[in-house]
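Visitor: Could you walk me through how the parts of this model pack against one another, stating each convention as you use it?

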Amino acid sequence: MAETQAPATVPFEERLPRPPMVLNNRSMSWITNLIAGIPEQKTPLWWYITIAITGSIAAFGVFCILYLLFTGVGVWGNNIPVGWAWDITNFVFWIGIGHAGTLISAILFLCRQKWRTSINRASEAMTLFAVICAAIYPGIHVGRVWMVWFMAPVPNPNWIWPNFRSPLLWDVFAVSTYFTVSVLFWFLGLVPDLATMRDRARSKIGKFCYGLLALGWRGGNRQWRHYEMAYLILAGLSTPLVLSVHSTVSFDFATSLIPGWHTTIFPPYFVAGAIFGGFAMVLTLMLPARSIYKLHDVFTWNHIDVMCKIILLTGSIVGYAYTMELFVAFYGANPFERFAFINRYFGPYWWAAWSMFTCNVVIPQLFWIRAFRRNLITVFFVCMCVNAGMWYERFVIIAVSLTRDFLPSSWGMYYPTWVDVMTFAGTFGIFTTFFLIFIRFFPMIAMSEVKTVLPEADPHYHPPAIGGTESIKEAHV
Amino acid sequence: MTAAAARKKTLGVIAEFSSAATLYQAAEQVRDKGYRFWDVHSPFPIHGMNQAMGLRKSPLGYIIFCGGLTGFLTAASLEFIPSSFLYPLIVHGKPVNFFTVPAFFPIMFELTVLFSAFTAFFGVFVMNRLPRLHHPIFDYEPFRRVTNDAFFLIIEASDPRFSDTVTLEFLEEIGGKDVTLLYEHD
């Protein structure tokens, strides 16, 4: 690397080459064997143990939901004034986590961030499972769950239609559209890889299932032509969609009059927070998967490094939003607003607000230092802090704002019950169980997309003269 | 295989290429020869292959636009017909006339995206004639590697310029390996 002697006319990319997306000159068949080999291998023991634990937690969560449905929302700690508590907190928490998947698959695709190829499949899957967990809560928190269909605009004998100008109805449309579009986008990306699984399958069941799901994909350029166009347009559609979903969620609060909710900063603040929390969850899931399945050459430290930078960026945006909220409360001269923020940081729930601030704003600042972005323990530690911090953020905004609004006579505290806690734990069980099933049966990294970022995928690629071709064309392992 | 299959109908000729770069150059030559019913198969979309094959941009975008427009109109009628005519719901004393239209935007946006996404998803499969779970090409054993690391070029027998001998020689000439005639199986 004789960078100093290079004349100034040498292009920037030659003086400072980009780090390779896939390390160690891995060949295409090596990538296929690595990733397709994961669902093909014998089910490991740890998988059975983990899914037994997460499945049990999920089952208990389902029991809690059934207990709620058969008894009533009184089994939760919700009360008046805190009518929205852990239910909506958890809803916003889970829907926020989903946003990272769509950001990686759509926005980074439009920005031509090629490093996304190693993580987009798993993140999109995470999105789907997080949105499933989120969608449970609005359904069950209404009390009379059998009336949920009233949210759908269908003609009914009462001739009552939903209020289309209500943010709660926007939310129904936004979340259901988001889930549907995410499923379509995820499955479209999965089809070429399912074809790989089909062509490699040895068992009859594998051949049948993967063959059915691959829909007869043949990888012809006349197919890729439409496929790429559809993928591009779906990415273009998902980009405003993902920004709209959390904006709409924030409208649920911002259009109300509660001090602490009624702020115009909410949509961008919520979206940044969603991406922030989502990236932390992607890393939380993918770092163990990377170690277990030895994905180090495909999911490299460079990938983790850029993801940490995004966490740092979005975490700082969130920190800016927290401080700006405080400033506007002070500068806006609205005594109720001012009180809401004094109460938030110094009231009975001060510990929640300070946990939020520490976990989301202070601790991610570690990522300014390169060594912390490239250390498994610090990265995992920060991600766990962010996961917790983002939950606290929603709790602080939603429940704490409700405990003390305008009239001191209507103030009240909120305490969760065991059903609250176990339902939330149950959604974690559902989330991880789905994710375990996903990594067991589907290729968790988009093989066809990772292959496009290899140097030899370029139609104008010339193999290096000395030695390079041998390592690239290594035989089937 | 060939002796028994020789009596059967020829489907086309297939050649394997060693890399994306050689496939790209081969595609340019096949295009320049004027073949029409042919395709290249690769494990991933090759950048610029549409030009190399002489294909235009996929028209899917126009179809998706129609889908999106349908979604927008569906949302508009779904919202305005009940809210303005069937059941004008007065909330907070706000009017139900056209000036409240911004409050209807989010659902219009969501349904536009939803319908466009469905059109994109089903459009790509309809345009690709999928699902088609079996295709004669799957009988050619080496073709299994197309989803792994192999690159193929196929010229179909239905092409007006196709000839068992000339096309086969042409593909060998432009660097194709294992050039094979594909026959119909019963």
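Visitor: In which hand does helix 6 of chain A pass helix 8 of chain A?

Guide: This is a predicted model, in which local features need pLDDT of at least 70 and side-chain atom pairs count only at pLDDT 80 or more, while totals for chains, interfaces and linings use all residues. Residues are numbered from 1 along each chain as its sequence is written, and chains are lettered from A and ligands numbered from 1 in the order in which they are written. Helices (H or I, at least four residues) and strands (E, at least two) are DSSP runs numbered from the N terminus, and a crossing is called left-handed if the near helix is turned anticlockwise from the far one by less than a right angle, right-handed if clockwise. By that convention, helix 6 of chain A passes helix 8 of chain A in a crossing that is left-handed.

Visitor: How are helix 6 of chain A and helix 8 of chain A oriented to each other?

Guide: Their axes, lines fitted to C-alpha atoms over the stretch in contact, with angles from 0 to 180 degrees between N-to-C directions, come within 9 Å and cross at roughly 150°. Angles over 145 degrees count as roughly antiparallel, under 35 as roughly parallel, 65 to 115 as roughly perpendicular and the rest as oblique. Helix 6 of chain A and helix 8 of chain A are therefore roughly antiparallel.

Visitor: Which residues of helix 7 of chain A meet helix 6 of chain A?

Guide: The axes of these two helices come within 8 Å and cross at roughly 155°, which makes helix 6 of chain A roughly antiparallel to helix 7 of chain A. Contact requires C-beta atoms, placed from the backbone, to lie within 7 Å. From helix 6 of chain A come V191(A), L194(A), A195(A), M197(A) and R198(A), and their counterparts in helix 7 of chain A are K207(A), Y210(A), G211(A), L213(A) and A214(A).

Visitor: Which helix gives the most to the side of chain A that touches chain B?

Guide: In the contact between the chains, 56 residues of chain A face 61 residues of chain B. Elements giving two or more residues to the chain A side include helix 6 (167-200) and helix 7 (204-214) of chain A. With 16 residues, the element that gives the most is helix 8 of chain A.

Visitor: In the sheet of chain B, which residue of strand 3 is the bridge partner of W38(B)?

Guide: The open sheet has 4 strands in the order 2-3-1-4 with antiparallel pairing, where two strands pair if DSSP finds at least two bridges between them. Strand 2 of chain B and strand 3 (residues 151-156) of chain B are joined over 4 bridges. The partner of W38(B) in strand 3 of chain B is I155(B).

Note on methods
Two residues are in contact if their C-beta atoms, placed from the backbone, lie within 7 Å.
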